[in-house]
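Hi,

Here is the structure I promised to send over. Have a look at it first, and then read on for what turned up.

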Amino acid sequence: MSSHRYFSMFFQTLVFAALATTTFSTLTTNYYDYTCPNALSTIRSVVKDAVQKENRIGASILRLHFHDCFVNGCDGSLLLDSTSSMDSEKNANPNINSARGFEVVDAIKQAVDEACGKPVVSCADILAVAARDSVVELGGPSWNVRLGRKDSKTASRADADANIPGPSFSLSQLIENFENHGLNKKDLVALSGAHTIGFSRCLLFRDRIYNENNINSNFAQQLQNICPREGGDSNLAPLDSVTSAKFDVAYFADLIKKKGVLHSDQELLNGGYTSALVKLYRHNTRAFYYDFAKSMIKMGNIKPLTGSQGEIRYNCRKAN
């Protein structure tokens, strides 16, 4: 048995033990064992192929799961397209022109339905598992995803605008937002570590690089070359300046060097407890992986629709 595989098994055992005393509605890790035993391996295969073709897709899928859970719970509402009576969450300010990965979710849904012989796995569960598999594919930790979510029949752009934390948030706003979703300060810092992969649009960090002082001056100049004062709103910069395609702790090292791309990222160093966690994770990858996995499980269980609530969509982009 390789040391990597041993560490992965040991790590998942620790996470499971830490969460064993917590009640998570009716979600279970073996939900599809009998109805579709090949569901998880099918999701993993599609994600692996997609991330190997374009590593940015992994960050995009993880981001979709985050933004889905922060609206009205992890119910796949973010995946719904607009209709004549519903404005999609895709059009909310945190998502418009930046949320990607929907085509990969479509491909997963098709492959899973074929493997199961019929629609058995919800789009919400697909998103939760695909997020985990994306992290693993980019070198990060694994965890046991609790399953059994149903899909919502509607979405709300207004709720997405109101509930998804913004890039200009202060530390106090971030803490309040996370607490409103049942998440604490440790969850905030650990989950922010997802920014070790992925990119941000110029529109979201322009004010920081031209108007803030708590930023490395050379780093600000580099970003200004990407993001002019006017125009170029969609120009991209990596959220991790060193290894944006690898799930590691370089993001936390960037914060300590005042190289956080987003205002909200750099804010993590403005609090005693959150600052201490940033410094811990910078030097302790195992602690970060453990806390990240634990917080992902916790976030993934925000207000799931279960039982007779919701539905299993035939198409992730529209209600049945």
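Let me start with a question: leaving aside its neighbours within four places in sequence, which residues is Arg-157 in contact with? Keep in mind while you look that this is a predicted model.

The contacts of Arg-157, with those neighbours set aside, are Asp-87, Ser-88, Glu-89, Asn-91 and Ala-92. Arg-157 itself is found in helix H6, which covers residues 157-163. With a relative accessible area of 31%, Arg-157 is partly exposed.

Now the whole chain. The secondary structure comes to 14 helices and two strands. The radius of gyration is 19 Å, close to the 20 Å that the globule rule gives for 320 residues, so the protein is as compact as a globular protein of that length. Along the principal axes, the C-alpha atoms fill a box of roughly 55 × 55 × 35 Å. Of the 320 residues, 52% count as buried. If you take the contacts with a separation of 6 or more, 76% of them are accounted for by residues 24 or more positions apart. The accessible surface is about 14300 Å², and 48% of that belongs to carbon and sulfur atoms.

How much space lies in it? About 960 Å³. Its lining has 38 residues, and the closest to the pocket centre are Arg-63, His-67, His-195, Leu-239 and Leu-262. By type, the lining divides into 21 nonpolar, 11 polar and six charged residues. Several elements supply at least two lining residues each: helix H3 (56-72), helix H7 (171-180), helix H8 (185-192), strand S1 (199-201) and helix H12 (263-266). H3 gives the most, with eight residues.

Of its 17 residues, 14 are buried, so H3 is largely enclosed by the rest of the structure. Just after H3 comes Gly-73, with a positive phi of about 100 degrees.

Two lysines also have a positive phi, each a residue other than glycine:

- Lys-258 has a phi near 60 degrees. Its place is in the loop between helix H11 (250-256) and H12. Lys-258 is partly exposed, with a relative accessible area of 42%.
- Lys-303 has a phi near 40 degrees. You'll find Lys-303 in the segment after helix H14 (285-299). Its relative accessible area is 52%, and the cut-off for exposed is over 50%, so Lys-303 counts as exposed.

Ala-293 and Asn-38 are 255 residues apart along the chain, and their C-alpha atoms are separated by 23 Å.

Then jump to Arg-157 and look at its contacts, including Asp-87 and Glu-89.

Cheers

How values were computed:
Residues numbered from 1 in each chain as written. Predicted model: local features only at pLDDT ≥ 70, side-chain atom pairs only at ≥ 80, totals over all residues. Heavy atoms only, no water. 1 Å grid on protein atoms, 1.4 Å probe; cavity = no way out; pocket = protein on both sides within 12 Å on 5 of 7 lines; lining within 4 Å. Points joined across faces, edges and corners; volume = space filled by probe spheres on them. Helix = DSSP H or I, 4+ residues; strand = E, 2+ residues; numbered from the N terminus. Nonpolar A, V, L, I, M, F, W, Y, C, P; charged D, E, K, R; others polar. Rg over C-alpha atoms; globule rule 2.2 N^0.38 Å. Buried < 20%, exposed > 50% of the residue type's maximum accessible area, 1.4 Å probe, protein only. Contact = heavy atoms within 4.5 Å. Areas by Shrake-Rupley, 256 points an atom, 1.4 Å probe, with all protein chains shown as cover.
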